[in-house]
Amino acid sequence: MLSSLEAVDPCVEYLLYVTTAFPIPRAPRNVRVQLVRLRGLWHRLWWDQLIFPRVTARERADVVWATLSFGMLRPPVPQIVFQRNAMYYCSAYLSTLGPAELLMIRVRRALLHGAMRASRWVIAPTVAMRDMIRADHADLPSERFHVMPHPFDPADGQVSLSDPIAILKEFPGRAVTVH
């Protein structure tokens with residue numbers, strides 16, 4: 001994935017904030033990796049909602065690309081959020097959960113909804129995933145959603161980021177990504 005960022009536009013600088021759980025061994029010249037040590041769900045929530053908006057402003061980013069579903073509820077710049085985890089919206093899965101698990105899913109889903117409301121774009125991997133989200137969150141405008149299959153082409157075994165990069169190219173300059 002990271003090599004695609006350099007190949008598409010080596011002049012754009014990307015700042016990648018990742019947890020220490022996802023170390024990045026090597027990054028292209030135009031990608032700066034910052035490790036963030038997160039200690040549990042509450043710390044992640046604190047980082048995403050209070051610290052990361054300040055980091056985004058300090059870095060003078062043009063856009064935030066939240067690749068793992070959760071984004072800021074009040075982003076200081078346009079935000080792109082990926083929604084790839086169907087477990088929050090799949091009624092068949094939700095029907096198997098006990099009360100405590102269902103409560104946790106509902107809290108997370110409320111945070112996801114807030115991040116999607118605050119985002120310029122919501123990326124879903126399939127039309128079915130988009131439709132599951134919109135069934136629960138009909139207030140989200142349909143034009144905010146973009147269906148973009150996972151960027152892996154099994155035919156050639158390569159990762160292709162042409163669609164996400166096309167969206168990012170609307171923001172020349174600096175992009176901040178968060179894992």
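The legends below describe close-up views of a predicted model.

Residues are numbered from 1 along each chain as its sequence is written, and side-chain values rest on heavy atoms, with hydrogens and water left out. Because the model is predicted, local features need a pLDDT of at least 70 and side-chain atom pairs count only at pLDDT 80 or more, whereas totals for chains, interfaces and linings use all residues.

**View 1. The protein chain as a whole, with six helices and nine strands.**
Helices (H or I, at least four residues) and strands (E, at least two) are DSSP runs, numbered from the N terminus. Of the 179 residues in the protein chain, 43% are buried, where buried means under 20% relative accessible area, exposed means over 50%, and partly exposed lies in between (1.4 Å probe, protein chains only). Contact is taken as heavy atoms within 4.5 Å; among the contacts in the protein chain with a separation of 6 or more, 55% are made by residues 24 or more positions apart.

**View 2. Helix 4, residues 99-118, and the elements against which its buried residues pack.**
Helix 4 has 20 residues and reaches 29 Å from its first C-alpha to its last, close to the 28 Å expected at 1.5 Å a residue, the expected span being 1.5 Å times one less than the number of residues. The buried residues of helix 4 are L102, I105, R109, L112, H113, G114, A115 and M116. An α-helix has 3.6 residues a turn, so residues three or four places apart point the same way. The packing partners of these buried residues are strand 4 (79-82), helix 3 (91-94), strand 5 (121-124), helix 5 (127-136) and strand 6 (145-147).

**View 3. M129, a buried residue of helix 5.**
M129 lies in helix 5, where its relative accessibility of 3% makes it count as buried. Not counting residues up to four places away in sequence, M129 touches Q83, R84, N85, A86, Y89 and A124.

**View 4. E59 and R60 in the loop between helix 2 and strand 3.**
E59 lies in the loop that runs between helix 2 (41-58) and strand 3 (63-66), and it is buried, with a relative accessible area of 12%. Its side chain is joined to that of Y17 by a polar contact of 3.3 Å and to that of R32 by a polar contact of 2.9 Å. A polar contact is a pair of N or O atoms within 3.5 Å; within protein, one must be able to donate a hydrogen and the other to accept it, and residues adjacent in sequence count only if both atoms are side-chain atoms. R60, in the loop between helix 2 and strand 3, is exposed, with a relative accessible area of 67%, and it has a positive phi of about 55 degrees although it is not a glycine.

**View 5. S69 in the loop between strand 3 and strand 4.**
S69 has a positive phi of about 75 degrees, although it is not a glycine. With a relative accessible area of 7%, S69 is buried.

**View 6. The largest pocket and its lining of 18 residues.**
On a 1 Å grid over the protein atoms alone, a pocket is an open set of points where a 1.4 Å probe fits, with protein on both sides within 12 Å along at least five of seven lines, and lining residues have an atom within 4 Å of a point. The largest pocket has a volume of about 460 Å³, a volume being the space filled by probe spheres set on the points, which are joined across faces, edges and corners. Of the lining residues, L41, R44, L45, F70 and R108 lie nearest the centre of the pocket. Helix 2 and helix 4 each supply at least two residues of the lining, and helix 2 gives the most, with six residues. The lining divides into eleven nonpolar, four polar and three charged residues, where Ala, Val, Leu, Ile, Met, Phe, Trp, Tyr, Cys and Pro count as nonpolar, Asp, Glu, Lys and Arg as charged, and the others, Gly among them, as polar.
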